[in-house]
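This briefing covers the fold, the sheets, the core and a few selected residues of one protein model. The structure comes first, and the notes follow by topic.

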Amino acid sequence: RRALFRSPFLYYLSGVTVANGGMVVVGSGGGICIRSSAATHVALDSAGWFATGATYRPLSTAVRLVDTGTATGALELVNETTALGANTVRRYVALGRGGIPLSGVAALALDLTAVSPAASGTLKVYPCAATTDAAPTAIAMTYTTGTTLSTGAVVVLDPSGGFCVRASATTNLVISGPGWF
């Protein structure tokens, strides 16, 4: 039996559906444990796995790649100053920006923040070559009207280094890059 990890992985409120992304270590028997401080329903989606020996490379300083809520837009990726509209998809390529190499990157570890959403909704983050590529059914995060929420996500890049973000309801978006694989 392993010791309990003392830092919360997800905070939730009664009657509110909340999603979060993260990485967990699989136990020697191939399983994981989930512990809750209160009775709740849990759904787990697996977006992938890391091979033994996979190396995470953190950036020396977290880099804000996208910020749609400021007059200057993204600091490192694009100049984008408008919120994601409902059912809108945007494609980003972060290779060569903010300390992320131009090659040798298979996936990015990202912090996603929905800022002051106009309505409750979800964000999906996935590899894509174009904004018309099909989105997965799994969501990266849920957000509620007017509440700023964030989550971590690992997104595999398409062969040209791109990934898409799809919002189901209008929200400003901040994407920061803590690292890559």
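Which pattern does the protein follow when read along the sequence? The pattern is β-β-β-β-β-β-β-β. The model is predicted, and the protein has eight strands and zero helices.

**Overall figures**

- Of the 181 residues of the protein, 33% count as buried.
- The protein exposes about 10800 Å², and carbon and sulfur atoms supply 55% of that area.
- Among contacts with a separation of 6 or more, 72% are between residues 24 or more positions apart.

**Sheet E1-E8-E3-E6**

- Four strands, in the order E1-E8-E3-E6, form an open sheet with antiparallel pairing.
- E1 and E6 stand at the edges with a single partner strand each, so one side of each has no neighbour in the sheet.
- On average, neighbouring strands here are turned by 25 degrees against each other, direction ignored.
- E1 and E8 run antiparallel and are joined by six bridges.
- Along this pairing, arginine 57 stands opposite tryptophan 180 in E8, and proline 58 stands opposite glycine 179 in E8.
- E3 and E8 also run antiparallel, with seven bridges joining them.
- Threonine 113 has valine 174 in E8 as its bridge partner.
- Seven of the nine residues of E8 are buried, so E8 is largely enclosed by the rest of the structure.

**Sheet E2-E7-E4-E5**

- An open sheet of four strands has the order E2-E7-E4-E5, and its pairing is antiparallel.
- Its edge strands are E2 (88-93) and E5 (141-143), each of which pairs on one side only.
- Neighbouring strands of this sheet are turned by 20 degrees against each other on average, direction ignored.
- E2 is joined by six bridges to E7 (residues 162-167), and the two run antiparallel.
- Valine 89 stands opposite arginine 166 in E7.

**Nonpolar core**

- In soluble globular proteins, nonpolar side chains tend to be buried together.
- The largest nonpolar core in this model has 29 residues.
- Leu108, Phe163, Val165 and Ile175 have the most contacts inside this core.
- The elements that give two or more residues to the core are E1 (57-67), E3 (107-115), E4 (121-127), E5, E6 (149-156), E7 and E8 (172-180).
- Leaving aside residues up to four places away in sequence, isoleucine 175 touches Val63, Arg64, Leu65, Val66, Tyr92, Leu110, Asp111, Leu112, Phe163 and Val165.

**Aromatic pairs**

- How many aromatic pairs does a search of the whole structure find? The search finds two.
- The ring centres of tyrosine 56 and phenylalanine 181 are 5.1 Å apart and the planes are at 50 degrees, so this pair is tilted.
- This pair links distant parts of the chain, with tyrosine 56 in the segment before E1 and phenylalanine 181 in the segment after E8, 125 residues apart.
- Tyrosine 56 counts as partly exposed, because its relative accessibility is 34%.
- Phenylalanine 181 counts as buried at 13% relative accessibility.
- Tyrosine 92 and phenylalanine 163 form a tilted aromatic pair, with 5.8 Å from centre to centre and 45 degrees between the planes.
- That pair also links distant parts of the chain, since tyrosine 92 lies in strand E2 and phenylalanine 163 in strand E7, 71 residues apart.
- Is tyrosine 92 buried or exposed? Tyrosine 92 counts as buried, because its relative accessibility is 1% and the cut-off for buried is under 20%.
- Phenylalanine 163 counts as buried at 0% relative accessibility.

**Glycine 162**

- Glycine 162 lies in strand E7 and counts as buried at 0% relative accessibility.
- Glycine 162 and cysteine 128 are 34 residues apart in sequence, while their C-alpha atoms are 5.9 Å apart in space.
- Which residues does glycine 162 touch, not counting those up to four places away in sequence? Glycine 162 touches Arg91, Tyr92, Val93, Pro127, Cys128, Val156 and Leu157.

Notes
Residues are numbered from 1 along each chain as its sequence is written. This is a predicted model: local features need pLDDT of at least 70, side-chain atom pairs count only at pLDDT 80 or more; totals for chains, interfaces and linings use all residues. Side-chain values use heavy atoms; hydrogens and water are left out. Two strands pair if DSSP finds at least two bridges between them. Axes are lines fitted to C-alpha atoms, for helices over the stretch in contact, and angles run from 0 to 180 degrees between N-to-C directions. Buried means under 20% relative accessible area, exposed over 50%, partly exposed in between (1.4 Å probe, protein chains only). Contact means heavy atoms within 4.5 Å. Accessible areas come from the Shrake-Rupley method with a 1.4 Å probe; for residues, only the protein chains shown count as cover. A nonpolar core is a set of buried Ala, Val, Leu, Ile, Met, Phe, Trp, Tyr and Cys residues joined through side-chain atoms within 4.5 Å. Rings of Phe, Tyr and Trp (its six-membered ring) pair if their centres lie within 6.5 Å; planes under 30 degrees apart count as stacked, over 60 as edge-to-face and the rest as tilted.
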